[in-house]
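I opened the notebook with the sequence and the structure side by side. Here is what I looked up, entry by entry.

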Amino acid sequence: MSFFDLINPFSYVTPFHADGDAAEESVVVAADAVEAAAVVIEQIEESNADEEETETEKEEEEEEEEEEEEAEDKAPLIKEGCGETLACKSLKHHYDECAARVEDGSSESCAEEFLHFMECVDHCAASKIFAQLK
């Protein structure tokens, strides 16, 4: 008997038997082997499903932890406040006047006014934003 005969559950089935009882017994053994294989396959599928559920639960927990760890970004609020300071208010006024002219049909670009205003806002907000960092 070879190694492959030992691990093959169907090795007990032979195509020809001298008496009928032995043939029926081999078929029963083969049927039991098929049922056993089906049970093993079901157990493997169940364990895979359990592992997938466990992995999904772990991923959900990690996402919840990440959401809890993420603090609210205060930079937009700080920048908005800096845009209302005296230093930046005049630059915002120049930008608003330019934007009004463009709306009235002027072909000029307000990029320069916008960049000056944003530079002022960034300069004001930088120290406040970095003070908020942990």
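Which residue's side chain meets that of lysine 92 in a salt bridge? I found aspartate 96, at 3.4 Å from N to O. I kept in mind that this is a predicted model.

**Entry 1**

I placed lysine 92 and aspartate 96 on the chain. Both lie in helix α4, which covers residues 86-103. They are four residues apart, about one turn of the helix. I then looked up how exposed they are. Lysine 92 has a relative accessible area of 27%, so I noted it as partly exposed. Aspartate 96 is partly exposed too, at 36%.

**Entry 2: the other salt bridges**

How many salt bridges does the count come to? I got three. I recalled that side chains of opposite charge can pair when their charged atoms come close.

I took lysine 79 next. Its partner is aspartate 122, and their closest N and O atoms are 3.7 Å apart. I wrote down 33% relative accessible area for lysine 79, which makes it partly exposed. Aspartate 122 is at 37% and also counts as partly exposed.

Then I looked at arginine 101. It forms a salt bridge with glutamate 108, with the closest N and O atoms 2.7 Å apart. Arginine 101 is partly exposed at 37%. Glutamate 108 is partly exposed at 32%.

**Entry 3: aromatic rings**

I searched the whole structure for aromatic pairs and found one. Its members are tyrosine 95 and phenylalanine 114. A pair of aromatic rings is described by the distance of the centres and the angle of the planes. For this pair I noted 5.6 Å centre to centre and 55 degrees between the planes. Why is the pair called tilted? Planes under 30 degrees apart count as stacked and over 60 as edge-to-face, so 55 degrees falls under tilted.

Tyrosine 95 is in helix α4 and phenylalanine 114 in helix α5, so the pair links parts 19 residues apart in sequence. Tyrosine 95 is partly exposed, with 26% relative accessible area. Phenylalanine 114 is partly exposed as well, at 36%.

**Entry 4: the core**

Which residues make up the largest nonpolar core? I listed eight: Ile78, Cys82, Cys88, Phe117, Cys120, Val121, Cys124 and Ala125. Helices α3 (75-83) and α5 (111-132) each give two or more residues to this core. The largest share, five residues, comes from α5. In soluble globular proteins, nonpolar side chains tend to be buried together.

I left aside residues up to four places away in sequence. Cys88 then touches Cys82, Gly83, Phe117, Cys120 and Val121.

**Entry 5: how confident is the predictor?**

I looked up the pLDDT last. The protein averages 78, and 72% of the residues score at least 70. Among the elements, α4 has the highest mean pLDDT, at 94. Helix α1 (residues 3-7) has the lowest, at 55.

Where does pLDDT stay under 50? I marked residues 22-28. For this stretch the model has five contacts beyond four places in sequence.

Technical notes. Residues numbered from 1 in each chain as written. Predicted model: local features only at pLDDT ≥ 70, side-chain atom pairs only at ≥ 80, totals over all residues. Heavy atoms only, no water. Core = buried A, V, L, I, M, F, W, Y, C linked by side-chain atoms within 4.5 Å. Buried < 20%, exposed > 50% of the residue type's maximum accessible area, 1.4 Å probe, protein only. Contact = heavy atoms within 4.5 Å. Salt bridge = Lys/Arg side-chain N within 4 Å of Asp/Glu carboxyl O. Phe/Tyr/Trp six-rings, centres within 6.5 Å; stacked < 30°, edge-to-face > 60°. pLDDT = per-residue confidence, 0-100.
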